Amino acid sequence: MGKATARAAVVCGAAAAMAAVALVVWRRRTRSEETLRWARAEEMVSELEEMSAAPVEKLRRVADGMAEEMNAGLEVEGGSKIKMLITYVDNLPTGSEKGLFYALDLGGTNFRVMRVQLGGEGRHVVKRESREVSIPRELMVGSSTGLFGFIASELKKFVDSEGEDFHLSVGKQRELGFTFSFPVRQTSVASGTLIKWTKGFSIDDALGEDVVAELTKAMEKEDLDMRVAALVNDTVGTLAGGRYYDEDVVVAVILGTGTNAAYVERAHSIPKWQGLLPKSGDMVINMEWGNFTSSHLPITEYDRELDAESLNPGEQIFEKLISGMYLGDIVRRVLLKMAEEAAFFGDTIPPKLRNHFNLSSQDVSVMHHDATPDLRIVGNKLKEKIGVADTSLKTRKMVVEVCDIIAKRGARLAAAGIAGVLKKLGRDTAGGDKKRTVVAIDGALFEHYTIFSQCLESTLRELLGEEASRSVVIKLANDGSGLGAALLAASHSQYNDFEEP
Ligand code: ADP
Ligand code: MG
């Protein structure tokens, strides 16, 4: 080897050695970067957990707050953020309702029409049929003629498709119970004006209008001869539907696109209703509890952002923590922040993660229930909804953890709301007459999100204690609201006074 070559070899060797050192350093740096990212992601999840915590003491305060707001809302108009609306429903179904009645359920994601043949005493529902139509998004923010026209035309199609098994007595007009699940100020059992839209609806020209008049106008345009005999919302419908099968139902709760509750109030105790007093002394109150708020609610930065960017900032705060419309979007916001601050899905932020409402509560539920060892379903969901093809098991586990935190917070708060209503009714403690109390719950969130509904039930037990819990029953009232509306149409039928006993 000549001198020159030897030098070259030395230089080469040095370069190789330096390169090797650089590689090690680089590897170490990426490894430590990776560690840092995980550490940040883990930190973010623990912060989320801490901020979202709903321990039992906190929930008790929420329940107390709910009971107080109920009293304040009953006392004076506008006395509370929860409206405590009088519904004019003072006679709940008894089981003796008879004949063919219709129901129309509008309140969020879907819209349902139903016909039901009621058999009278002891026979209950002889036959029922329903159809579900999804509401085109543009109609949710368009004009009231657009929305009501669409509903009337779907209803017309449904009536036209009626089979032989349904019988309308000769000479009788068809009668409908209209479940309209937005805050309405009722003026009678079959009329009321819209106070505000919620759940993603925003149709300015419908505000302050009588929703029954709007629907009737649209039905006339369709040549549909039908009378709206009862205007209710889904909570009132659920209460009525629940009561038809179980006379101990006194509270109804909706956990679907939105959340709300109704209950039976001893109306004679309310001074402002003197003069409006029903015969029985009982009156169904539509709480509109979605607008409840309290300083004890565990609200995070994600909730604040969601609220600020919503169609109704500052409103429906309780609903935005609990209901099906929002759970998915809270999870999306957490994951987005994790992608931004902890490169949770790699170096680039998946663009789909920025799309509002890209993740639904149904997606959250599907991921949360994934029982496969490698969380394959979570992986597929992330791929489908967020566009990240490969996720590690560790990533998927952390996503499930986020779902768990958000869903359980919602379920626990809903339980606190129910505990508050029971407290108001004096049915939250052991002892006393221990009357059986049934809470009917409807809505796809409660029906299908098992972890959510189980958490709600166990939290309610935790809040009430074992003994008081024994007399409180939670019952799934599957599509109770549609049936309930038809039943209320029956009990408020124009032909009732002429019916033979
Ligand atoms: P609405 O409240 O409009 O009458 P639903 O009771 O059908 O309608 O509830 C619809 C809401 O329930 C939607 O927000 C949807 O994301 C949610 N949902 C439907 N299925 C599930 C599920 N399996 N798990 C969780 N949420 C669900
Ligand atoms: Mg519903």
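**Around ligand 1**

I started with the classes of residue in the shell around ligand 1: four are nonpolar, eleven polar and one charged. A reminder to myself: this is a predicted model.

Next I asked which residues come closest. Ligand 1 is surrounded by 16 residues, and the closest are Thr109, Thr257, Ser361, Ala444 and His448.

Then I went through the polar contacts. The side chain of Thr257 has an N or O atom 2.7 Å from an oxygen atom of ligand 1. For Ser361, I found a side-chain N or O atom 3.0 Å from a nitrogen atom of the ligand. Ala444 takes part through its backbone, with a polar atom there 2.9 Å from an oxygen atom of ligand 1.

I also looked up the cover: on its own, ligand 1 has 570 Å² of accessible area, and the protein covers 85% of it. The space that the ligand takes is the largest pocket.

Which elements give two or more residues to the shell? I noted helix H9 (324-342), helix H10 (361-368) and helix H13 (444-448).

Last entry: domain 1 (55-86 + 249-435 + 437-470) and domain 2 (88-245 + 479-491) both give residues to the shell, so ligand 1 lies between them.

Note on methods: Residues numbered from 1 in each chain as written. Chains lettered and ligands numbered in written order. Predicted model: local features only at pLDDT ≥ 70, side-chain atom pairs only at ≥ 80, totals over all residues. Heavy atoms only, no water. Near = heavy atom within 4 Å. Polar contact = N/O pair within 3.5 Å; in protein donor to acceptor, adjacent residues only side chain to side chain. Areas by Shrake-Rupley, 256 points an atom, 1.4 Å probe, with all protein chains shown as cover. 1 Å grid on protein atoms, 1.4 Å probe; cavity = no way out; pocket = protein on both sides within 12 Å on 5 of 7 lines; lining within 4 Å. Sits in = over half its atoms within 2 Å of the grid points. Helix = DSSP H or I, 4+ residues; strand = E, 2+ residues; numbered from the N terminus. Nonpolar A, V, L, I, M, F, W, Y, C, P; charged D, E, K, R; others polar. Domains from an automatic or database assignment.
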